[in-house]
Amino acid sequence: MAELDPFGAHASGPALGNGVAGEEDPAAAFLAQQESEIAGIENDEAFAILDGGAHGPQPHGEPPGDPDANSRKQEAEWKEKAIKELDEWYARQDEQLQKTKANNRAAEEAFVNDIEESSPGTEWERVARLCDFNPKSSKQAKDVSRMRSVLISLKQAPLVH
């Protein structure tokens, strides 16, 4: 006669600790499935190529051979291209810097000439050049229309001392 365990299951089948005979533990099944997938991945050709083997077709249509030589050749080409692009970038930056310097020198010269120019009666014109008289471009919260109108009237008819 078959032996019975305390929960009434037959001891002849694979009995688990939960008292259910014939069922497999879901966690153990999951672990076994993951291990088999990992074993399949490790046997893949891509890992063989990375490990130094030349099994199967080479990536990017390269002929079979020394993958290190191909990678060194490609790396040298990339370095050469990078150096060339960097030199071009420096040339553009130097050209832009020279243009900026020339523009700044011209603007400074014009500004210095305007400051040194002090003929009587042009004071309000110089003040008016420094002010923004466009009411729509002003982002101020205060109303400056009266000040704007005073400056415009002083520019047109300066005060006489």
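1. First, a term: a crossing is left-handed if the near helix is turned anticlockwise from the far one by less than a right angle, and right-handed if clockwise. Helices here are DSSP runs (H or I, at least four residues), and strands are runs of E, at least two, numbered from the N terminus.

2. A word on the source: this is a predicted model, where local features need pLDDT of at least 70, side-chain atom pairs count only at pLDDT 80 or more, and totals for chains, interfaces and linings use all residues. Residues are numbered from 1 along each chain as its sequence is written, and side-chain values use heavy atoms, with hydrogens and water left out.

3. Overall, the chain has five helices and zero strands.

4. Now the pair I'd look at: α4 (residues 123–130) and α5 (residues 145–156) make a left-handed crossing. Trp 124, Glu 125, Val 127 and Ala 128 of α4 are in contact (heavy atoms within 4.5 Å) with Leu 151, Leu 154 and Lys 155 of α5. By class, five of these contact residues are nonpolar, none is polar and two are charged.

5. What lines the second largest pocket? Phe 111, Asp 114, Ile 115, Arg 126, Val 127, Arg 129 and Leu 130 do. α4 gives the most to this lining, with four residues; the elements giving two or more are α3 (67–116) and α4. The lining has four nonpolar, no polar and three charged residues.

Methods
Axes are lines fitted to C-alpha atoms, for helices over the stretch in contact, and angles run from 0 to 180 degrees between N-to-C directions. Ala, Val, Leu, Ile, Met, Phe, Trp, Tyr, Cys and Pro count as nonpolar, Asp, Glu, Lys and Arg as charged, and the others, Gly among them, as polar. On a 1 Å grid over the protein atoms alone, a cavity is a set of points where a 1.4 Å probe fits but cannot get out, and a pocket is an open set with protein on both sides within 12 Å along at least five of seven lines; lining residues have an atom within 4 Å of a point.
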